[in-house]
Amino acid sequence: MKQYFNLFDFSQKVDYKTEVLSGLTVAMALIPEAVAFALIAGLSPLTGLYAAFMMGLVTSILGGRPGMISGATGAVAVVIVTLAATHGVEYVFAAVVLAGILQVSAGALRLGKLMRLVPHPVIFGFVNGLAIIIFMSQLDQFKNADGSWLTGSTLYILLGLVLLTMLIIWGLPKLTKAVPSSLTAILVIFGVVSLLNLDTKTVGDIASIQGGFPPFHLPAVPLTLETLQIIFPYAAIVAGVGLIESLLTLNIIDEITETRGRGNKEAVAQGIANMLSGVFSGMGGCAMIGQSLINISSGARARLSGIVAAVMLLVFIMFGSSLIEQVPMAALTGLMIMVSIGTFEWASLRTFTKMPKSDVFLMILVTLITAFLHNLALAVLIGVILAALFFAWDNAKRIRARKNVDANGVKHYEMFGPLFFGSISAFNEKFDVLNDPAEVIIDFQESRVVDMSAIEALNKLTERYHKVGKKVHLKHLSPDCRKLLENADELIDINVIEDPTYKLAVDKV
C-alpha cells in the first residue's frame, strides 16, 4: 500500500514495499563492488564495505537527490592506490577526510552550478564510458585466478546462470512489477545453485565480509605541513572526481525521473560522508551510477531505499556474512551486465548523422577516455575544454559587418556577432582604414563586446583611424566599455540612449 509519510519531505509519495525491497537489492549489489574496489586500492575489504555503509547512509539522509546511491567507487580507488602503497592506510583515511572538507566547501560556495558548463555530448560520452566500464569489469568473473578464461562445465554453468539472471530481470517486469526483478533474480539463482548443488563462484570466494560496526578511528598521521603536502594532491583529486561523478549521476537520475535534484546540497552531503568515512575506517567514495540505476529501475524514488541499503549492508557485515557469502557471483554479474545495458545511451548512436561532427567527436572521445583510462575527471575536463574551444571557434566565424555610405559621406559599419578574443582577427579584416572617408561610425547594436581582448581590439582600431586623421564613432556601447576604452576616449561617440540596458558580458556578477 502506498503511503505518503516521509521523515524529510511530507509531500513526497513513498511506496514502502518498493523502497525496502529495492534497498535490499542494492545492498547485495554493493557488497562485491565495495570489496573489489577496496582490493583495487590495496586495502582491506572491510575498508570498502565501511565506506559503502557510511557514504550510502549519510548521502541518503542529507543528499540532494533522493534515490541516488553512494558508496566506495572505482574512481576513488584508482586515485588512492598509489597513496596506500607508498604511505599506508592511515594517510588514505586522512586524505579522505580532507577531500570531504573540500567537497563541503565546494557545496557551501555553490559551485555545483558549474555542472551547467558540461555539454550534453560530454554527458553522453561519460555515461557510455561508464556503461562500458561496468560491462568490462564483469568479464573478470569469467576468468580464473591466474587470469586465464574459464573453460568446460565451470564456464557453461556460469554462462547459464548469468543468462538466466538477465532473462528474469528483462522478462519479469513484463509480467508483474509487484516485486523488483533484480532481487527476484538473485533469489532464484541462489535457490537454483543451492538445490542443484552447482559448483560456482560465490561472494565468499572473493573475500570474507564478516566484521563489526565501523570503528571510530582518527587517522594516525603527524599533523604537520609535510603530511598536508603528501595528502593534499590526492584529496583534491578525490574531491574533484567524487563531485563530478556524483553531480553527473544526479543529472542522469534527474532525466530518468523527470525531477530536479539539488547539486550543492549533494556536494555538502558527499563531503560530510567522506569526512565520516575517513574517521570510521572507510576508504571514501562518491555516487555510484550502477547501483543508483538498479535502485531507480526497481521503482525507488525516496530516501528510504538508500537508508535501507546502507543499514542492510551493515547488518550483512555484522550478522549475515555467512549467508551473503553464499550468494552466487553469477547473479550479481548478470545484474550488473543488465545495468550496463540500461546505462548505455543507445539513442546517442542514432544521432551520429544528425549531430554536428564536433559533438560526435566529443562524445566518442569522452567515451574512450572514460572507458580505457578509467579517469572520469580527466574525461569530463577534456570534454568541457574541447567543447569550449569548439564553441569559440564556431563563434569566431560569426562576426560580420554590413557596410554603407550615407548621403553625408559617412561610412557605417553595422556589426553582427560577438566580438571576443577568437573573432578579433576576422573583425579587423572588415575595416579599410586607409580608403575609408574622414568619418566612420561602427554600430554594435547587433553585436556584443565580450571580453578585454575585444576592448583592446577597439582601442587599436580607433588609434589606427586617429593616426591617419580620421574620426570614428562607436555606437551602442555601454558605459562600461567607455571606462575601459581609455586610449580612445576622445574619439568615442557613445550612444547609450537607444540601448540603455545593455551591459558588457564581463560585468560584475
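In this predicted model, four strands form an open sheet in the order S3-S4-S5-S6, and their pairing is mixed. At the two edges lie strand S3 (400-405) and strand S6 (471-475), each of which pairs on one side only. From one strand to the next, the twist averages 20°.

S3 and S4 run antiparallel and are joined by six bridges. These two strands form a hairpin with five residues between them. In the turn of this hairpin sits Gly409, with a positive phi of about 80°. One of the bridges links Asn404 to His412, its partner in S4.

The next pair is S4 with S5. Strand S4 (residues 411-419) runs parallel to strand S5 (residues 439-449), and eight bridges hold the two together. Where does His412 find its bridge partner in S5? The partner is Ile441.

The pairing ends with S5 and S6. These strands run parallel and share five bridges. Within this pair, Ile442 has Leu474 of S6 as its bridge partner.

Beyond the sheet, helices make up much of the list of elements, as the protein has 19 helices and six strands. Two packed helices are described by the angle between their axes and the distance between the axes.

The axes of helix H1 (residues 16-40) and helix H14 (residues 329-343) come within 10 Å and cross at roughly 100°. H1 is therefore roughly perpendicular to H14, since angles of 65 to 115 degrees count as such. On the H1 side, the residues that meet H14 are Met28, Ala29, Pro32 and Glu33. They face Met329, Leu332, Leu335 and Met336 in H14. By type, the residues of this contact are seven nonpolar, no polar and one charged.

The partner in the second example is helix H7. Here the axes of H7 and H14 come within 8 Å and cross at roughly 155°. That angle makes H7 roughly antiparallel to H14, because angles over 145 degrees are counted that way. The crossing of H7 past H14 is right-handed. H7 contributes Ser182, Ile186 and Ile189 to the contact, and H14 contributes Ala331, Leu332 and Leu335. Of these residues, five are nonpolar, one is polar and none is charged. Readers tracing H14 will meet Leu332 and Leu335 in both contacts, once with H1 and once with H7.

Arg110 lies in the loop between helix H4 (89-108) and helix H5 (120-138). Its phi is near 60°, a positive value in a residue other than glycine. Is Arg110 buried or exposed? With a relative accessible area of 51%, Arg110 is exposed, because the cut-off for that label is over 50%.

The other residue is Asn197, found in the loop between helix H7 (181-196) and helix H8 (203-206). Phi of Asn197 is near 55°, again positive in a residue other than glycine. Asn197 is exposed too, with a relative accessible area of 67%.

Finally, a few values describe the protein as a whole. Its C-alpha atoms fill a box of roughly 100 × 55 × 50 Å, taken along the principal axes. The protein has 509 residues, and 52% of them count as buried. Among contacts with a separation of 6 or more, 79% involve residues 24 or more positions apart.

Technical notes. Residues numbered from 1 in each chain as written. Predicted model: local features only at pLDDT ≥ 70, side-chain atom pairs only at ≥ 80, totals over all residues. Heavy atoms only, no water. Buried < 20%, exposed > 50% of the residue type's maximum accessible area, 1.4 Å probe, protein only. Pairing = 2+ DSSP bridges. Axes fitted to C-alpha atoms, helices over the stretch in contact; angles between N-to-C directions. Parallel < 35°, antiparallel > 145°, perpendicular 65-115°, else oblique. Contact = heavy atoms within 4.5 Å. Nonpolar A, V, L, I, M, F, W, Y, C, P; charged D, E, K, R; others polar. Left-handed = near helix turned anticlockwise from the far one by under 90°.
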